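Good morning, and thank you for coming.

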Amino acid sequence: MPDAELWTLLKSGEITGLEGLYKEYFPILSNYGLKFTLDKSFIEESINDLFLKLWRNRETIDTPRVAKHYLLLSFRRMLIRKLSSDPGRQEDAISAEYVPFNLELTYEHPLIRAERASELKQKVDKLLDTLTNRQREAIFLKFYEDLSYEEIGDILDINTTATYKLVYRALERLREQLGGFSLLVLLLLLPRR
């Protein structure tokens, strides 16, 4: 069922709308959340809190143009707020600018199963480590979640021009570090659902 129909059901108080959105977006939100922290129970609890809040506020929230963008934005804000308010969770103070964002390749990727899997993964992970947390997050949202620059800027709370610069600088940094490695291959290796 399309997101717009699910959202309409949600707003009219039909639990099937909430269930449909939850089923569709739980894997996406879970994967995104695990880039901030590896605590799976914390991520699941946060997703459940997000959908509970969505249910409670269903009559007052507007219907988003793109549900995926709305849910990623709301989820990120909730995660940052929860991570920031739990001093035992993070050693360093967390702000939206310095939220850790871990982007790694998995061995399940078809190209990684090739002969040089371990060597290639180490090289790509090393390349991704040269990026800032925000650059990794922007690259993830652009090339993994296929969001527009406007949507990424909205999620990261920066304007569209700054988003272009952030992605451009990340790609430039990767290009400088690549040596004999193609940027296209790197982008193909980014983890997919």
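I shall begin with the basis of the model, then turn to the salt bridges, and end with a helix pair.

This is a predicted model, in which local features need pLDDT of at least 70 and side-chain atom pairs count only at pLDDT 80 or more, while totals for chains, interfaces and linings use all residues. Residues are numbered from 1 along each chain as its sequence is written, and side-chain values use heavy atoms, with hydrogens and water left out.

Let me turn to the salt bridges. Side chains of opposite charge can pair when their charged atoms come close. The term salt bridge here requires a side-chain nitrogen of Lys or Arg within 4 Å of a carboxyl oxygen of Asp or Glu. How many salt bridges are there by this rule? The count comes to five.

Consider Glu137 and Arg76. They form a salt bridge in which the closest N and O atoms are 2.5 Å apart. Glu137 lies in helix α6 (residues 133-144) and Arg76 in helix α4, so this pair ties together parts that are 61 residues apart in sequence.

What else surrounds Glu137? Setting aside neighbours within four places in sequence, Glu137 is in contact with Tyr32, Phe36, Arg76, Phe101 and Leu156. Contact means heavy atoms within 4.5 Å.

The next pair is Lys82 with Glu45, whose side chains meet in a salt bridge at 3.6 Å, N to O. Since Lys82 belongs to helix α4 (residues 67-85) and Glu45 to helix α3 (residues 40-56), the pair ties together parts that are 37 residues apart in sequence. Lys82 is buried at 17% relative accessible area, whereas Glu45 is partly exposed at 45%. This pair also belongs to a network of salt bridges that links Glu45, Asp49 and Lys82.

A further pair sits within one helix. Glu172 and Arg175 both lie in helix α8 (residues 160-177), three residues apart, about one turn of the helix. Their closest N and O atoms are 2.5 Å apart, in a salt bridge. Both residues are partly exposed, Glu172 at 24% relative accessibility and Arg175 at 44%.

Finally, I come to the helix pair. The axes of α6 and α8 come within 9 Å and cross at roughly 100°. That makes α6 roughly perpendicular to α8. Axes are lines fitted to C-alpha atoms, for helices over the stretch in contact, with angles from 0 to 180 degrees between N-to-C directions. Angles under 35 degrees count as roughly parallel, over 145 as roughly antiparallel, 65 to 115 as roughly perpendicular, and the rest as oblique.

Which residues make this contact? From α6 they are Arg134, Gln135, Ala138, Ile139 and Phe143, and from α8 they are Leu166, Val167, Arg169, Ala170, Leu171 and Arg173. They divide into seven nonpolar, one polar and three charged; nonpolar covers Ala, Val, Leu, Ile, Met, Phe, Trp, Tyr, Cys and Pro, charged covers Asp, Glu, Lys and Arg, and the others, Gly among them, are polar.

Key
Helices (H or I, at least four residues) and strands (E, at least two) are DSSP runs, numbered from the N terminus. Buried means under 20% relative accessible area, exposed over 50%, partly exposed in between (1.4 Å probe, protein chains only).
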